[in-house]
Amino acid sequence: MRKILTEKHAIKGEREDRSKKVGSLPYIWKRICKNPGAMMGIILLCLIVLMSILAPFILKYDYMTVNLANKFALPSWEHPFGCDELGRDIMARVFVGARYTLSIGVGAVAISTTLGILIGAVSGYFGGKIDSILMRILDVIQAFPALVLAIAISTALGQGIANCIYAIGLAYMPTFARLMRANILSIRGSEFIEAATAINCSTSRIIFKHVIPNTISPLIVQVSMSLANAGLSAAAMSFLGLGVREPYPEWGTMISSARTFIRDYPHMVIIPGLFIMISVLSFNLIGDSVRDALDPKMRD
Amino acid sequence: MIKFILKRLLMMIPILLAVSVIIFTLMYFVPGDPASISTGGEKVSAEQLDAIRESMGLNRSYIERLVEYVGNVFLRLDFGTSYTYGTPVGPELLSRFWNTAYIGFISLILMMVVGIPVGVRSAVHANKPEDRVSMFTTLLFNSMPPFWLALLLVLLFSLNLGWLPSTGAKSFKYFILPSLSVALGSIAGIARQTRSSMLEVIRSDYVTTARAKGLSERKVVYGNALPNALIPIITVCGNQFGKMLGGVVVIETIFSIPGLGVYMINGINNRDYNVVQGALLVIALMFSVIMLITDLVYAYVDPRIKARYMKSKKKMDYSTDKVVGDADA
């Protein structure tokens with residue numbers, strides 16, 4: 001019996017080989033798994049996320065419950081991270097606080113990635129007048145240091161978590177737009193785009209089906225690096241009182257309110273900061289490993 | 001070269017104009033009424049509030065106020081008066097600018113003087129324990145929020161050891177901790193960039209040739225390899241300066257340094273538009289000037305980039321944009 005090779009088979013065959021295709025997602029994943037630093041980052045991050053979800057169920061104390069008898073309690077078996085100026089358990093606060101810091105970071109990067117991809121794609125694909133107008137707008141946005149711009153935008157929008165996300169997202173958008181534009185410019189001239197144009201694909205189909213998938217890998221690197229920066233910005237803004245405010249236990253907010261007691265009770269400042277550092281470090285480790293995975297010079 | 005500098009300077013003017021328009025528009029939408037805040041919590045009648053608004057020019061249309069503000073700033077260098085302090089913003093900005101610029105300048109020097117040699121050493125000893133340790137340490141510093149690092153430094157050097165003052169801005173001693181706390185993260189950024197771009201050139205043929213000629217290792221690394229690895233490092237220097245400037249704004253509040261950051265944050269809390277606008281504008285100006293200097297150094301190091309600006313716009317090669325594009329902000 002002769003075996004007829006259907007389209008399904010062809011696709012299946014292609015799938016099996018995908019992890020060998022340089023720059024594809026399975027390939028990147030395989031390379032990350034080989035990198036001990038990246039695995040450490042992923043594990044740390046998963047632990048923090050897990051703790052932030054499970055904290056209310058497994059911890060004895062609630063993050064809001066005030067108990068003045070435990071005011072400034074130092075770390076002990078009862079309260080592993082100690083208590084704050086109102087006797088609230090710092091461990092519960094730190095774990096719940098992960099929700100705020102991480103979700104602001106992730107939300108902001110989601111916004112800047114989406115906006116950046118759109119603006120960069122339009123700018124790079126159409127070129128000409130649209131391109132130069134959009135690029136001049138980006139020039140103006142980039143005349144500010146990102147954190148300063150985020151502070152200015154959040155001032156205009158008013159204080160709050162959502163506004164904090166918009167502000168940081170907008171401030172980090174130009175990096176993505178420029179990266180996308182540069183990628184598209186290098187792809188635009190290639191032959192498969194010419195072929196797609198030749199068989200009369202619509203502009204949106206070319207952008208979404210052919211151009212964007214080919215720009216995905218440099219974007220992943222940028223996303224993980226930006227997550228680190230956005231997390232730091234979120235903490236900094238809350239520290240200044242522009243992001244999340246008391247009684248919500250965002251890490252920057254916690255450091256800000258513990259600041260006055262640093263001389264006698266440094267644990268109140270050190271512990272939330274350690275958690276900021278660990279999560280930012282994880283994002284950095286993951287970003288580094290993705291970049292290495294995509295770097296042709298590092299290939300084995 | 002002069003033509004290039006002039007061209008770059010002229011390009012800054014429209015950007016700064018647009019920046020001031022954006023700043024004004026942002027502040028226009030700030031919720032809260034500066035008129036009622038300027039009374040300092042005293043109870044005043046509605047008519048009195050109207051009169052205050054009238055005198056502050058708050059009741060005019062957006063366009064009128066925008067044109068007046070931008071005109072005043074750019075033609076007369078008049079930044080308006082502070083609602084809360086009642087003093088003109090301009091001179092205050094100037095005196096505060098020096099404090100912020102001082103921290104920024106020390107950090108910039110620290111970043112380059114420490115970061116580049118650390119990166120070079122790492123590249124020379126690539127993948128040996130020394131490299132691993134310094135790369136992990138830099139990554140650690142890169143992941144710390146500057147304001148937290150500042151608090152830790154205060155805890156160690158001011159409160160426990162008592163070596164350095166924790167607040168104020170009287171002499172150089174007062175600027176060490178603030179500069180250190182913003183610079184440490186950026187030193188890490190520069191060291192990592194230096195390492196990766198040094199690794200790219202260190203294996204190239206001319207480095208081998210230089211070694212074969214019998215030059216000392218030091219001369220090969222700093223004389224032949226480093227200059228060719230410098231361009232991406234310069235880009236990152238510019239970007240890191242932006243990051244440090246953001247850090248300075250936050251850190252000034254910790255060390256109570258009378259700089260632009262403290263001025264701006266106080267302005268935000270008091271809904272003092274003129275103060276916030278002025279501070280933002282000066283910070284944007286500082287950043288733009290540093291980016292301008294970055295571009296000039298670029299042109300000095302790499303003649304190809306200078307050629308891009310000299311040619312007419314039509315000949316501009318878009319493909320080179322990838323080299324200049326700042327993917328790592």
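Predicted model: local features only at pLDDT ≥ 70, side-chain atom pairs only at ≥ 80, totals over all residues.

Chain B is built from 14 helices and has zero strands, while 39 residues of chain A are in contact with 44 residues of chain B.

**Chain B as a whole**

- Of the 329 residues in chain B, 40% are buried.

**Where chain A touches chain B**

- The contact between the two chains involves 39 residues of chain A and 44 residues of chain B, and on the side of chain A at least two residues each come from α5 (128–141), α6 (146–157), α7 (161–188), α10 (216–239) and α12.
- Sorted by class, the residues on this side of chain A are 28 nonpolar, seven polar and four charged.

**Helix α10 of chain A**

- The 24 residues of α10(A), at 1.5 Å a residue, should span 34 Å, and this agrees with the 34 Å that separates its end C-alpha atoms.
- Because 20 of the 24 residues of α10(A) are buried, this helix is largely enclosed by the rest of the structure.
- Just after α10(A) comes A:Gly241, which takes a positive phi of about 85 degrees.

**How α6 and α10 of chain A meet**

- The axes of α6(A) and α10(A) come within 11 Å and cross at roughly 50 degrees, and the two helices are therefore oblique to each other.
- The crossing of α6(A) and α10(A) is right-handed, and the contact is made by A:Ala146, A:Leu147, A:Ala150, A:Ile151 and A:Ser154 of α6(A) together with A:Ser233, A:Ala236 and A:Met237 of α10(A).
- In this contact of α6(A) with α10(A), six residues are nonpolar, two are polar and none is charged.
- As background for reading such lists, an α-helix has 3.6 residues a turn, so residues three or four places apart point the same way.

**How α4 and α12 of chain A meet**

- Helix α4 (residues 90–126) of chain A packs against helix α12 (residues 267–294) of chain A at an angle of about 40 degrees, with their axes 11 Å apart.
- The helices α4(A) and α12(A) are therefore oblique to each other, and their crossing is right-handed.
- From α4(A), the residues A:Ile90, A:Val94, A:Gly97, A:Ala98, A:Thr101 and A:Leu102 meet A:Met268, A:Ile271, A:Pro272, A:Phe275, A:Ile276 and A:Ser279 in α12(A).
- The residues of this contact of α4(A) with α12(A) comprise nine nonpolar, three polar and no charged.

**A residue in a loop: A:Tyr61**

- A:Tyr61 lies in the loop between α3 (36–58) and α4 of chain A, and with 19 C-beta neighbours inside 10 Å it counts as partly exposed.
- Apart from its neighbours within four places in sequence, A:Tyr61 is in contact with A:Asp89 and A:Ala92.
- A:Tyr61 and A:Glu78 are 17 residues apart in sequence, and their C-alpha atoms are 9.8 Å apart in space.

Conventions: Residues numbered from 1 in each chain as written. Chains lettered and ligands numbered in written order. Helix = DSSP H or I, 4+ residues; strand = E, 2+ residues; numbered from the N terminus. Buried ≥ 20, exposed ≤ 12 C-beta atoms within 10 Å, placed from the backbone. Axes fitted to C-alpha atoms, helices over the stretch in contact; angles between N-to-C directions. Parallel < 35°, antiparallel > 145°, perpendicular 65-115°, else oblique. Left-handed = near helix turned anticlockwise from the far one by under 90°. Contact = placed C-beta atoms within 7 Å. Nonpolar A, V, L, I, M, F, W, Y, C, P; charged D, E, K, R; others polar. Expected span 1.5 Å × (residues − 1).
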